[in-house]
Amino acid sequence: MNRKRFGFSALVAAFALAVSTLVAPSASAATEIVVWADENRGPDLTKVIAAKGDWVPGFTVKVVTFSSFDALKEAFDKATDASGPDIVVGANDWVPTGAKSGKLAPLTLTAAVKARFNPTQFLDLTYKGKLYGVPVDINNVAMIYNTKLVSSAPKTFGEMVAEYKSLKTSKGLKAGLCIAGGGMSWGAHSVFSALGADAYQFNSRGQIVYNRAFNASTFGKNVRTLLMDGNKSNGFFPATDTGCKDNFLAGTVPYAVIGNWEWSDYADKGFAMNLMPVPGVKAGTYGKMFGSVSGALLTTFAAKHGVESAAKSLLTNFFASSDGQVRYQTLAKRPPAEKGAQANTTITAAQRGFGTSASLAGIPQIGAFLNSNKGGANYWDSAPAYWTAVLIDGKDATKEAAKLSQIWRTNTIGGKGDL
């Protein structure tokens with residue numbers, strides 16, 4: 001009897017425990033996704049999430065804002081399983097360190113999601129062949145043209161040169177195309193590329209080709225034909241960025257490369273935001289500009305908090321979607337990375353222009369190659385040195401191009417191990 005009563009009691013207790021387990025939430029049944037961001041992105045994300053709270057059904061999103069970008073980075077570096085976020089909105093150069101430290105988790109996106117972005121943008125958020133987040137903001141330059149001097153978007157580089165020559169005397173032009181934003185290394189890569197010289201090469205699948213350099217003969221010929229009269233500059237492209245912005249605003253330069261951080265300086269002066277990449281020598285081609293991205297990065301903490309699947313859904317449903325990026329960038333005023341958002345008229349013409357330019361001709365800024373001195377000089381020093389040597393000192397454009405091509409090729413090969 002005693003054994004039977006004990007067995008029945010144990011059965012009742014077991015049943016009650018099972019019921020209580022079904023009713024009461026377990027520790028792993030978390031319903032909150034935590035996102036960390038800096039002092040600018042955080043408040044904007046908070047407003048967007050508050051306006052539409054069902055990006056991941058059944059989950060709430062908590063945005064934690066830090067006092068500065070540096071404070072955010074310091075906090076993430078010190079984050080633990082207990083304190084860390086599920087997603088952090090950070091810079092592309094956080095990916096290698098975060099992956100090495102085990103704080104960032106790899107992410108697999110569907111082909112449909114990937115198609116929303118320029119393939120090279122994912123290189124910014126990739127380490128050792130694994131992707132760690134989705135692109136959100138773009139940092140790039142684009143070309144603007146003065147509609148009081150030229151009536152329409154140029155189709156080729158040569159068309160711009162011809163316009164400059166025809167207007168030079170009557171309009172008192174000081175240059176044809178100049179670099180107002182980003183300097184003669186970062187900002188001027190568009191011009192190098194438009195004429196046939198890229199800092200590094202990509203194949204049709206967006207993969208880096210390490211053993212190939214730009215064609216020095218082709219580039220040198222284009223420089224001589226389009227930028228020079230004999231062994232002297234024809235004045236179209238200055239070898240320095242000094243005075244470019246003021247000259248463009250004053251109406252004495254028809255074309256200028258500007259940065260996306262300063263577009264309001266031009267819009268406020270009444271210039272149309274007719275932004276585009278620098279056109280190439282052939283119609284339909286463009287000079288590539290550096291277009292680094294910030295990203296929404298998945299952390300390994302998300303799995304430990306029991307919300308990894310939900311965090312991945314937030315990355316694709318919100319951060320990687322047209323709707324999410326439009327809502328966010330309407331407040332943030334940065335160029336969106338996602339193609340659908342770039343075409344949306346809700347955001348400003350400047351945001352659309354910079355975003356579209358990046359999709360047409362943006363390439364990642366790869367520090368491992370650009371900072372390398374394996375070829376005898378790094379990109380940042382060798383790029384402006386070329387313009388000085390050819391356009392100011394009158395040195396042979398092709399011979400100098402051959403030296404430059406070798407430097408950049410060697411730096412790319414040498415920097416491969418640092419990716």
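Good morning. I begin with helix α14, whose buried residues pack against α2 (41-51), β6 (133-139), α13 (308-319), α15 (339-342) and α16 (349-361). Please keep in mind throughout that this is a predicted model.

Which residues of α14 are buried? In this helix, which covers residues 322-332, they are G324, Q325, V326, Y328, Q329 and A332. Directly after α14 comes K333, and the phi angle of K333 is positive, near 65°.

Let me now step back to the whole protein. The chain has 419 residues, of which 51% count as buried. The protein contains 19 helices and 16 strands. Taken along the principal axes, the C-alpha atoms fill a box of roughly 115 × 45 × 35 Å. As for the contacts between residues at least 6 apart in sequence, 76% of them join residues at least 24 apart.

I turn next to the cysteines. How many disulfides does a search of the whole structure find? The search finds 1. This disulfide joins C178 to C244, with an S to S distance of 2.0 Å. The link of C178 and C244 is right-handed, with 75° about the S-S bond. It ties together distant parts of the chain, for C178 lies in strand β8 (residues 177-179) and C244 in helix α10 (residues 244-249), 66 residues apart.

Are these two cysteines buried or exposed? C178 has 2% relative accessibility and therefore counts as buried, the cut-off being under 20%. C244 also counts as buried, because its relative accessibility is 2%.

My last topic is a pair of helices. Helix α9 (residues 216-227) and helix α19 (residues 397-415) have axes that come within 8 Å and cross at roughly 140°. Because of that angle, α9 is oblique to α19. The crossing in which α9 passes α19 is right-handed.

Which residues make this contact? On the side of α9 they are A216, S217, F219, G220, K221, V223 and R224, and on the side of α19 they are A397, T398, A401, A402 and S405.

Key. Residues are numbered from 1 along each chain as its sequence is written. This is a predicted model: local features need pLDDT of at least 70, side-chain atom pairs count only at pLDDT 80 or more; totals for chains, interfaces and linings use all residues. Side-chain values use heavy atoms; hydrogens and water are left out. Axes are lines fitted to C-alpha atoms, for helices over the stretch in contact, and angles run from 0 to 180 degrees between N-to-C directions. Helices (H or I, at least four residues) and strands (E, at least two) are DSSP runs, numbered from the N terminus. Angles under 35 degrees count as roughly parallel, over 145 as roughly antiparallel, 65 to 115 as roughly perpendicular and the rest as oblique. A crossing is left-handed if the near helix is turned anticlockwise from the far one by less than a right angle, and right-handed if clockwise. Contact means heavy atoms within 4.5 Å. A disulfide is a pair of cysteine sulfur atoms within 2.5 Å. Buried means under 20% relative accessible area, exposed over 50%, partly exposed in between (1.4 Å probe, protein chains only).
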